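Subject: Structure for your files

Hello,

Here is the structure I said I would send. My notes on the core and the aromatic residues follow below.

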Amino acid sequence: MEWNENGLLPLDWFKQMRNGSPVVQSEGTGLWSVFKYEDVKYVFTNYDIFSSQGSPSSEDPLESSILRQDPPKHRQLRKLVSQAFTPRVVESLAPKIQAITDALLDEAEQRGRMDAIADLASPLPITVIAEMLGVSMEHREKFKEWSDALVGDHPEAYYACQREMSAYFADIAEDRRRHPQDDLITKLVQARIENEHLTDLEIIGFCILLLVAGNETTTNLIASAMLAVDSLPEVRSQLLEDPGLIPGAIEETFRYFSPVQLMFRHVKQDTELRGQKLKQGQFVHIWMASANHDEEVFEHPEQFDIHRNPNPHLGLGSGIHYCLGSQLARLESKIAIETLLRRFPDFRRDRSAELVRQESTMMFALKELPVILK
């Protein structure tokens, strides 16, 4: 079963690059791009050569976050926050996730339709991560606006939203120092690494990353899974007949649609990859979305196959930077799709509205997904 309406996924281009220019440098920018599964995984896992490290002098909070750190600092930061994402903790969130999903679908049911992104796929993960952090949901629309700006292709919006988020989280962190609560920001404020507290920039970077990671990836995953169910009748019928297949459908959504299309690294030391000489200081785009369609790893990669086993996709990264919230994203998506199919088995996309991608090279994200529930 194949889907790629209006060429929204650049699958033909990925195939062309894998077969003809698997490691290639842009003449204009000097930026390298890597397209094959084996090479993408190699870059991900060899942090001694391909570094995530941000600029130590940068005032950009994300540069101080776990996303932009190599060991040993990465290991120390990850250990701090990983306790909030253990399998036991994530499973304990299932009743809350179910209650939020039901409430969102109750509202949509009264209207008989919804924008699956604005009314379900976005508010569900934002609500969960906001409660974990301990921030008010009154700013939910602002959170979404910030998240879109952080993964978009507009530098001015990217830096503006970081300034706004920095001020917002700095105020909350200061409040938690005076009035501790049972939330993740309090834990970050109180945490110590080698007897030192996290800097304000590190705390803010953590909060920004968690809010975005808890929003964008899962939002796009849920929306893409709904799109697959709607577009591929055999998938819908199989999931209705056996809801136990939903986790496999979620994994195939990670592979086929790749909510995060690419990440980047910089070259830490001169190296060679497929005969190409990469120099220290150069940057590399690692195209996970292309790797997830590599014919050498995935049989019939153009087909959306919920029975694919094994399914070693790189939709959640690889190595030390494998997505910290992977189990939470899987659980939220499973509950959302399971509940939607149980309550509205015949939901259908409103095909009078054209599917349009957001302006983001990094993410596969639709601007809207209008759905008719009855």
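This is a predicted model: local features need pLDDT of at least 70, side-chain atom pairs count only at pLDDT 80 or more; totals for chains, interfaces and linings use all residues.

A residue counts as buried under 20% relative accessible area, as exposed over 50%, and as partly exposed in between. Tyr159, at 46%, is therefore partly exposed.

Aromatic pairs

There are 18 aromatic pairs in the structure. One of them joins Tyr158 and Tyr159: the ring centres are 4.9 Å apart and the planes stand at 90 degrees, so this pair is edge-to-face. Tyr256 and Phe304 also pair edge-to-face, with 5.7 Å from centre to centre and 75 degrees between the planes. Tyr256 belongs to helix H13 (residues 246-257), while Phe304 sits in the loop between helix H14 (288-291) and helix H15 (326-343), so the pair ties together parts 48 residues apart in sequence. Tyr256 and Phe304 are both buried. They also belong to a cluster linked by ring pairs, together with Trp3, Phe257 and Phe364.

Arginines over rings

Arg236 lies over the face of Phe347, 4.7 Å from the ring centre. Arg255 is placed over the face of Phe298, at 5.4 Å from the ring centre.

Nonpolar core

The largest nonpolar core has 123 residues, and Met114, Phe169, Met226 and Leu369 have the most contacts inside it. Helix H11 (residues 200-231) supplies the largest share of this core, 17 residues. Leaving aside residues up to four places away in sequence, Phe169 touches Val135, Ile185, Ile204, Cys207, Ile208 and Leu211.

Regards

Notes. Residues are numbered from 1 along each chain as its sequence is written. Side-chain values use heavy atoms; hydrogens and water are left out. A nonpolar core is a set of buried Ala, Val, Leu, Ile, Met, Phe, Trp, Tyr and Cys residues joined through side-chain atoms within 4.5 Å. Buried means under 20% relative accessible area, exposed over 50%, partly exposed in between (1.4 Å probe, protein chains only). Helices (H or I, at least four residues) and strands (E, at least two) are DSSP runs, numbered from the N terminus. Contact means heavy atoms within 4.5 Å. Rings of Phe, Tyr and Trp (its six-membered ring) pair if their centres lie within 6.5 Å; planes under 30 degrees apart count as stacked, over 60 as edge-to-face and the rest as tilted. A charge sits over a ring if NZ of Lys or CZ of Arg is within 6 Å of the ring centre and within 35 degrees of the ring normal.
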